[in-house]
Amino acid sequence: MNWDTLWINARLATMTAGSAPYGLMEDAALAVQGGVIAWIGPMSELPADDRVNCPDVLDCGGRLVSPGLIDCHTHLVYAGDRAQEFELRLNGASYEEIAAAGGGIKSTVNATRAADEETLLEQSLPRLRRLMADGVTTVEIKSGYGLNTEAECRMLRVARRLGEVTPVTVRTSFLGAHALPPEYMGRPDAYIDQVCTDMLPAAAEADLADAVDAFCEGIGFTPAQVERVFQAARARGLPVKLHAEQLSNLRGAVLAAGFDALSVDHLEFLDPADVPLLAAHDTVAVLLPGAFYCLRETQLPPIDALRQHGVPMAIASDSNPGSSPVTALLLMLNMGCTLFGLTPEEALAGVTRNAATALGIADEVGTLAPGKRADLVLWRATSPAELAYRIGDLMCDKVLYAGRQVPAP
């Protein structure tokens, strides 16, 4: 065999379901050919000739190798910041009060609308590079800070460009139904008309969106309005996702599951009685501990019910300027364990296997198996639990993006 790369003497956290914890494979090797995993197995089964003939052999020295990490919910592309709102919250203002006073999402909309494409790229690139330092090889990026056709498409073009100027795989979500823009104040249904008949079609026709998202909340949009967006997405053949049950229970998750949503995200106020519907529609529950922490929430997602019904749980950074200014995905593993009570294995599955499912790309990435894209991380660690245990410790040593190693960001 003509392998391009061979990693030997590794502890492989394959993250395949239904096997040993973490899908762990001791004293193992992994080979890459043409950007995909060509062979994986115990060192004892590695053909000697293949090892000799491979031009790039790395002895991992017993260290941990995992799939590349996946951040399946971010808002990386935006302009400006909202540090002042952070201070207001600490002085007692609620998320809803800040939004009602013209802050929140709307303040970022003003800054983002005023920024050209190059400015947005320049400001967004460092955030992605920081995620890369945590071993992130795939990231989802939403629009939602433009709230008109031109600005939303500009954000999505920048997201696509981030996937061109870095080796990271970028998946995009059109989030036009994120907030009500000031020019539509008091006319939310008219704005949803604009989303469905102009904004979403424009993004779809330009091939800028891999999925469609919305914010179903008292400060966002009603289930009926979201349903119209989802119907428009279905007409365009685009899968849907939903910000649901973050601040209240509008049963948006139930609506989304009915559209076979890839994921429902946040879920602090999800009714445990509705969890079976997520399982029935193979909808992933995406947990966002960064927003929970930053907003000092106390209502926990129904973790036990999600476990009981076998709903896959993903974890993401929710990187955004207001409620989760986070660009450290490994920190989210720790928060998922300490704040939500996940096990370290559940946390790592949440940024590998289950995150891939939440993006609809589980056949490409998320586990170590022959035929999967060779997105790999070699860690300065031996136990998978260390990835959730250590706080602020950049343990990422080497990363392969589709079999290619690039200089550290």
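1. How many strands form the open sheet, and in what order? Eight strands form it, in the order 6-7-8-9-10-11-12-13, with parallel pairing. Strands here are DSSP runs (E, at least two residues), numbered from the N terminus. Two strands pair if DSSP finds at least two bridges between them.

2. A word on the basis. This is a predicted model: local features need pLDDT of at least 70, side-chain atom pairs count only at pLDDT 80 or more, and totals for chains, interfaces and linings use all residues. Residues are numbered from 1 along each chain as its sequence is written, and side-chain values use heavy atoms, leaving out hydrogens and water.

3. The edges of the sheet are strand 6 (69–71) and strand 13 (313–315), each pairing on one side only. Neighbouring strands are turned by 25° against each other on average, direction ignored.

4. Inside the sheet, strand 10 (residues 241–244) runs parallel to strand 11 (residues 263–266), joined to it by four bridges. Ala244 has His266 in strand 11 as its bridge partner.

5. Helix 7 lies across strand 8 (169–177) and strand 9 (211–216). Its direction is at about 155° to strand 8. Contact means heavy atoms within 4.5 Å. Helices are DSSP runs too (H or I, at least four residues).

6. Helix 7 (residues 188–205) also has helix 8 (residues 223–235) beside it: their axes come within 10 Å and cross at roughly 10°. Axes are lines fitted to C-alpha atoms, for helices over the stretch in contact; angles run from 0 to 180 degrees between N-to-C directions. The crossing therefore makes helix 7 roughly parallel to helix 8 (angles under 35 degrees).

Methods:
Angles under 35 degrees count as roughly parallel, over 145 as roughly antiparallel, 65 to 115 as roughly perpendicular and the rest as oblique.
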